[in-house]
Amino acid sequence: MTLIWRADGLVDLLAALARGFGAVAVQPVHPRADAPAIRVLVRAVKGSRAPLALLPALVLAGADGRPSAAAEAVLRHGGTLPLADA
């Protein structure tokens with residue numbers, strides 16, 4: 001299962017996933033590098049016992065407000081997120 005979730009609800013989401021899911025991978029999404037995460041991308045596998053993995057964050061924009069290279073790679077050029085490889 002893959003979800004996009006509000007970062008401030010991560011604790012509740014992880015508690016719910018603990019009942020039957022494992023191999024949980026969490027990738028924070030930050031609007032800018034100096035700002036807290038606004039969303040998390042979460043992938044979990046039903047019945048798995050693999051541990052949780054915290055993946056590198058995706059930063060959407062630079063200090064100048066322009067899209068980051070990582071965001072451009074995914075949104076405009078078909079790049080993959082670390083979540084897809086975890």
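Residues are numbered from 1 along each chain as its sequence is written. In this predicted model, local features need pLDDT of at least 70 and side-chain atom pairs count only at pLDDT 80 or more, while totals for chains, interfaces and linings use all residues.

The chain contains three helices and five strands, where helices (H or I, at least four residues) and strands (E, at least two) are DSSP runs numbered from the N terminus. Along the sequence these elements follow the pattern β-α-β-β-β-β-α-α. The C-alpha atoms fill a box of roughly 40 × 25 × 15 Å along the principal axes. Of the 86 residues, 28% are buried, that is, under 20% relative accessible area with a 1.4 Å probe, protein chains only. Among contacts (heavy atoms within 4.5 Å) with a separation of 6 or more, 62% involve residues 24 or more positions apart.

Strand 2 pairs with strand 3 (residues 39-46) in the antiparallel sense through seven bridges; two strands pair if DSSP finds at least two bridges between them. The two strands form a hairpin, with six residues between them, and Val-29 stands opposite Arg-39 of strand 3.

Strand 2 also runs parallel to strand 4 (residues 53-54), with two bridges, and Val-26 has Leu-54 as its bridge partner there. Three bridges connect strand 2 with strand 5 (residues 58-61), again in the parallel sense. In strand 5, Val-59 is the bridge partner of His-30.

Technical notes: Side-chain values use heavy atoms; hydrogens and water are left out. Buried means under 20% relative accessible area, exposed over 50%, partly exposed in between (1.4 Å probe, protein chains only).
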